[in-house]
Amino acid sequence: MNKNEIASILDEIAVLLELNGENFFKVRAYQSAARTLQTMDEELGVVIGESRLKQVQGIGDALSKKIEILYKTNELKYYNDLKKLVPSGLVEMLEIPSLGAKKIKILHSELKIDNIEKLEKACRAGEVKVLDGFGEKTEERILVGIKTRKAYKKRHLWWRANMIAKPIIEGLRSLKEVDIADCAGSLRRGMETVGDLDFIVASESPIPVMNWFTSRENVAEVTAKGETKSSVRFDTGLQADLRVVPFEHYYFTLHHFTGSKEHNIKMRHRALKLGFSLSEWGLTPEKSITEKPIKEIQSEKDLFEKLELNYIPPELREGRDEIEEAGKGQLPHLIEEKAIRGVFHNHTTASGGNNTLKEMTFAAESFGWEYFGIADHSKASFQANGLNEERIEKQIIEINKLNNSKTFKIHIFTGIECDILADGTLDLAPSILSQLDYVVVSVHSSFSLSEDAQTKRIIRALEEPNTTMLGHLTGRLLLRREGYRINEHKIIDAAIANGKIIELNASPLRLDMDWRLWKHAAAKGLLCSINPDAHNTKNLDYIQAGVLTARKGGLTEDNIFNTRSLSQVKSYLSNK
Ligand code: DGT
Ligand code: CA
Ligand code: CA
Ligand code: ZN
């Protein structure tokens, strides 16, 4: 790490210390060390090399050690531990201009506010202005700050963006002026996060369509309004463009704004090679002026056909190798949600979930699945009240009873999400794991191991005979937390070599393992399980995001474990 990077970590430590109620002098020591680093003329490496860092004015013994560690290893246990200690919502509150650590601490201790949502509620209820040192003006400024922050928050989870987009598409389609409407852009391509929404409409009378769009209840601001394009910002900060075009342009425009940019560039090249110019308006012959432009097409499929390509589903349009494959008729036949016959990795009230085993199973049955796997946490995940041996045995008995009594039509599999301990051994002994139908192994601790150690740790867990599949490969939380450092390729190879499955965790916050890795991994023989990681009955819907991400990864039904029938799964699990 260089001087500035280290300085910004020291500043962050100061903030965390302050939020954690540490004394003023300690906080200031970190701040002044950060300033010293930033203004230091000498090379940090030289100063460290000559062991002179602790002599620098403003950097003492303890701090110089921490700086050296950061310089050499790029990480610091003290910092990582501190981050875990302070609720992330408090740190997020610092992004509101009128709030510093001191005020946030008061809000936390007086009103138990630990995230921005609670803060907004408290301000609206007038609970903040009465606190010492706050007042009416401050409360107002906080509310404005929250609003602006929402507006400029850059990206949004696909799931949330889709929740906003869906009723708009339906609404647009129901307008009598609208011939046809869809959402384009990254949402349609099924990207894990979305920058903004792009709606495309075919209509001969754009004005009422624009009026409808800009007057939705959740529109916070109309940033542009015209006959061909309008833009709005919703109250969550998500922005959206709506483009209205005549029908003859519609599929060209839809294709163009679906993108991606890389896909579009390659498509334009292909068009040129075939003697056409492709744009958002249509396809025009390049050479002969006597030929009429091709305008009227009835679908995107027609557009691809004009370029001698098979239809490319939006999820694949990333400019990777989809155009070459479509030209050779070699596109994969992507998995569809109806091919899913059950799910593994679901939690119950036994370990941090909100619904009981029976409630979860009842909900799973309504999906029409043949089987349903329960995988509560294991004992090392004590924050989640993970199961010990005794509770696992009880749960097995409970599930066997439900299966035997045919309380449900769906078959319940007994599983566990077993913690991978820091050394790569499993949290539970083989004697108990072998009593379960399957075992998901996951990392929930020691996130800051080196890439090499973390990789070895996970591979060791994959080599355990009782392991069935690996949960959330990187542990990333989209837009919130980077994953732990690992060598994905080595882990994929180890999973294949040991005959283990890797899950595609379908939680919209995870979508882990990343779609970019699947195609190659599956070609090498990796089997995928799409797992909702449901903590309540509603979360089972996440299977939709999981299937979309699997499609984006180019996966087919054959690549997915949970498209297999109950009897196939039973025999797979009993042969392991
Ligand atoms: P986002 O909104 O950041 O999640 O990503 P997109 O893909 O939705 O990007 P956006 O909204 O900027 O534009 C939508 C599509 O429009 C994009 O995927 C491809 C097309 N497009 C936008 N700008 C360009 C460009 O400069 N060149 C080309 N070829 N296509 C573009
Ligand atoms: Ca977009
Ligand atoms: Ca856009
Ligand atoms: Zn987990």
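Predicted model: local features only at pLDDT ≥ 70, side-chain atom pairs only at ≥ 80, totals over all residues.
Local features were considered at pLDDT of at least 70 and side-chain atom pairs only at pLDDT 80 or more, whereas totals for chains, interfaces and linings use all residues. Residues are numbered from 1 along each chain as its sequence is written, chains are lettered from A and ligands numbered from 1 in the order in which they are written, and side-chain values use heavy atoms, with hydrogens and water left out.

Helices (DSSP runs of H or I, at least four residues) and strands (runs of E, at least two) are numbered from the N terminus. Helix α4 comprises the 13 residues 61-73. At 1.5 Å a residue, α4 should span 18 Å, which agrees with the 18 Å between its end C-alpha atoms; the expected span is 1.5 Å times one less than the number of residues. The buried residues of α4 are L63, S64, K66, I67 and L70, where buried means under 20% relative accessible area, exposed over 50% and partly exposed in between (1.4 Å probe, protein chains only). Viewed down the axis of α4, these buried residues fall within an arc of 160° and so line one face of the helix; the arc is that of the directions from the helix axis to the C-beta atoms. Exposed residues A62, K65 and K72 lie on the face turned away from the buried side of α4. Packing of the buried residues involves α1 (3-19), α2 (24-39), α3 (44-49) and α5 (77-85). N74, which follows α4, has a positive phi, near 65°.

I560 is located in the loop between α23 (543-552) and α24 (566-574). The residue is buried, with a relative accessible area of 0%. Leaving aside residues up to four places away in sequence, I560 touches I335, I340, L527, C528, I530, A550 and L555; contact means heavy atoms within 4.5 Å. The C-alpha atom of I560 is separated by 9.3 Å from that of I501, 59 residues apart along the chain.

An open sheet of five strands has the order β2-β4-β7-β6-β5, with mixed pairing; two strands pair if DSSP finds at least two bridges between them. β2 (178-183) and β5 (219-225) stand at the edges with a single partner strand each, so one side of each has no neighbour in the sheet. Neighbouring strands are turned by 20° against each other on average, direction ignored. β2 and β4 (residues 196-203) run antiparallel and are joined by five bridges, and V178 stands opposite S203 in β4.

Notes:
Axes fitted to C-alpha atoms, helices over the stretch in contact; angles between N-to-C directions.
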